[in-house]
Amino acid sequence: MIGKLTFSTIEPNSGLQAALKMGRVDIIGEVATSGLKGRGGAGFPTSVKLNLAAAAQDKTKYVVCNADEGEPGTFKDRVILTDHADLVFEGMTICAKAIGAKEGILYLRAEYTYMRSHIEEVLQKRREANLLGDNILGQQGFSFDISIRMGSGAYICGEETALIESIEGFRGEPRNRPPFPVDTGLNNNPTAVNNVETLAWIACILSKGGEWFKAIGTDKSTGLKLFSVSGDVTKPGVFEFPMGITVGELLEEVGGEGAKAVQVGGASGHCIPQKDFGRAIAYEDVSTGGSIMVFGPQRDMLEVARNFMEFFVEESCGQCTPCREGNAKILECLDMLDEGACSMKYVREIKGLCETMQIASKCGLGQSSPNAFLSIVEHFQDELMGRTE
Amino acid sequence: MLVTDRERLKEEIHAWADQYGHSRTALMPILQEVQARYRHCSEYAMQEIADLVGIHPVEVHGVVSFYSFLTTEPQGKFVVRVCQTMSCDMAGKDRVALQLVNDLDIDFGETTPDGMFTLEWASCIGMCDQGPALLINDKVYSKVTPNQVHDIIEECRATYGVHALQKEGH
């Protein structure tokens, strides 16, 4: 990790202590003031999610931490859970207080099984310190505990309804939305599913105030964000930057000057060519869950597109036709391009198919999987067409 | 499978069901335990679990076949998963993969005849800043070079079975 993260400057449990003195409305109000949006990539306003879950009248509610970090190029949650697991659990406890939940679940991807014993230890220490369990820190009637559920190697389970299906013991196939999990989630109870990083920021915001967070970043994309940087850079790793940083500024910080293109947002994100390095990384411009993959001048962009499409063909759950068949068709087109045997007419046909996938796929996977292909075709068409061996 | 082995498997599944619950929400944890201990979820195990949580065995099979870390066929004692996603690809995963094929003498998707190693591709394992990376069971290996592959394999062998017992002085 490079530099000091804000997470390490926060007084432990100061956010939770502040929240314990506040009512539900005020806690959610503080998050609303901050303007925090989901840090997993989708960018849904966190306070709206909490508000909906809090408004539900059900007796049983859940707080779920989505630690199924599977987007190619993303590893910030691995670092957060290794170095700042306490802060994540503090954020979960604050959410529990805000929505009235007694039970929390951390859904950890199978690839991170090696972290489990460390996380269990952190949870146990929090129980011993009465930061979890009955009557937390002496507050009568506020009880909350967290258990761990493991994934079994499925990217799609990072989609919140697929994640819930998985916990319930089903294939990780996304549900139709609405109803949303905040209304009909785990075991049909209201469930607030949040990304690891989002939860850690909630704890920071309750500690330092919503205004502090809001003052950083842009109007529509407030606050700080962790970035997972990999590829052709001199300093790969996890970085913290304010939202709204341009691609070019970020490249300077990580030693990636001279890059030919940057994939922002992982395989489901967009490929940004050099001429667009002035664009801002923010929800209103180039959105990301934090994945930054840098491609140097020597990289073959067709190989990049093919690697991403192989990923989606493998990881599509196969439930809906546009995604199951569409991804395979895009990959086939890339193979044809590689062999120098693809007409421009066919490329255009596949672009049309991409549009269908974006509109007709059931979940975010199929809706966003054509992004990489489309942006690479748009910006590097010259590299793709008329190939010879 | 010997009757005694079956009995043991059945007892263990019952114990896991007591621990995790006799409902469908317990399905994944029970299957994960079976997979970890027996390196696959056999038909017998799936039937037994189905009876315990009160669903049809086809439902259990549907779940097992969905997740890449659950299998119906026995895997090796060490499952080697090589990250094939872009960052590890740029860092040189192909050479590491080739050396694994050479040193294990199997292709991807296969298990060595002695049942020690299974070689598989994996989607991004979250080690993009330290590629090429691979997982062997629950352990991560990062910045792997082709000439380390032999030692990594031998290290695994040394932690298993008779070799490990000799080391511990049994």
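**Domains, sheet, helix pair and chain contact**

Chain A is divided into domain 1 (6–214), domain 2 (226–295) and domain 3 (301–384), with bounds that come from an automatic or database domain assignment. The model is predicted, so local features need pLDDT of at least 70 and side-chain atom pairs count only at pLDDT 80 or more, whereas totals for chains, interfaces and linings use all residues. Residues are numbered from 1 along each chain as its sequence is written, and chains are lettered from A and ligands numbered from 1 in the order in which they are written.

Taken over C-alpha atoms, the centres of domain 1 and domain 2 of chain A are separated by 26 Å. Their contact takes 14 residues from domain 1 of chain A and 18 residues from domain 2 of chain A; two residues are in contact if their C-beta atoms, placed from the backbone, lie within 7 Å. The side of domain 1 that touches domain 2 has 3 nonpolar, 6 polar and 5 charged residues. Here Ala, Val, Leu, Ile, Met, Phe, Trp, Tyr, Cys and Pro count as nonpolar, Asp, Glu, Lys and Arg as charged, and the others, Gly among them, as polar.

Chain A also holds an open sheet of 4 strands in the order E3-E2-E1-E4, with parallel pairing. Strands (E, at least two residues) and helices (H or I, at least four) are DSSP runs, numbered from the N terminus, and two strands pair if DSSP finds at least two bridges between them. Strand E3 (145–150) and strand E4 (191–195) of chain A each have a single partner strand, so one side of each is left without a neighbour in the sheet. Strand E1 (residues 62–67) of chain A pairs with E4(A) over 5 bridges in the parallel sense; Cys65(A) has Asn194(A) in E4(A) as its bridge partner.

Helix H11 (residues 301–315) and helix H12 (residues 321–338) of chain A pack at an angle of about 150 degrees, their axes 9 Å apart. That makes H11(A) roughly antiparallel to H12(A), a term for angles over 145 degrees. Axes are lines fitted to C-alpha atoms, for helices over the stretch in contact, and angles run from 0 to 180 degrees between N-to-C directions. Among the residues that meet are Leu302(A) and Phe312(A) in H11(A) and Ile330(A) and Leu334(A) in H12(A). The residues of this contact divide into 10 nonpolar, 1 polar and 3 charged.

Finally, the contact between the chains takes 38 residues from chain A and 29 residues from chain B. H5(B) gives the most to the side of chain B that touches chain A, with 4 residues.

How values were computed: Parallel < 35°, antiparallel > 145°, perpendicular 65-115°, else oblique.
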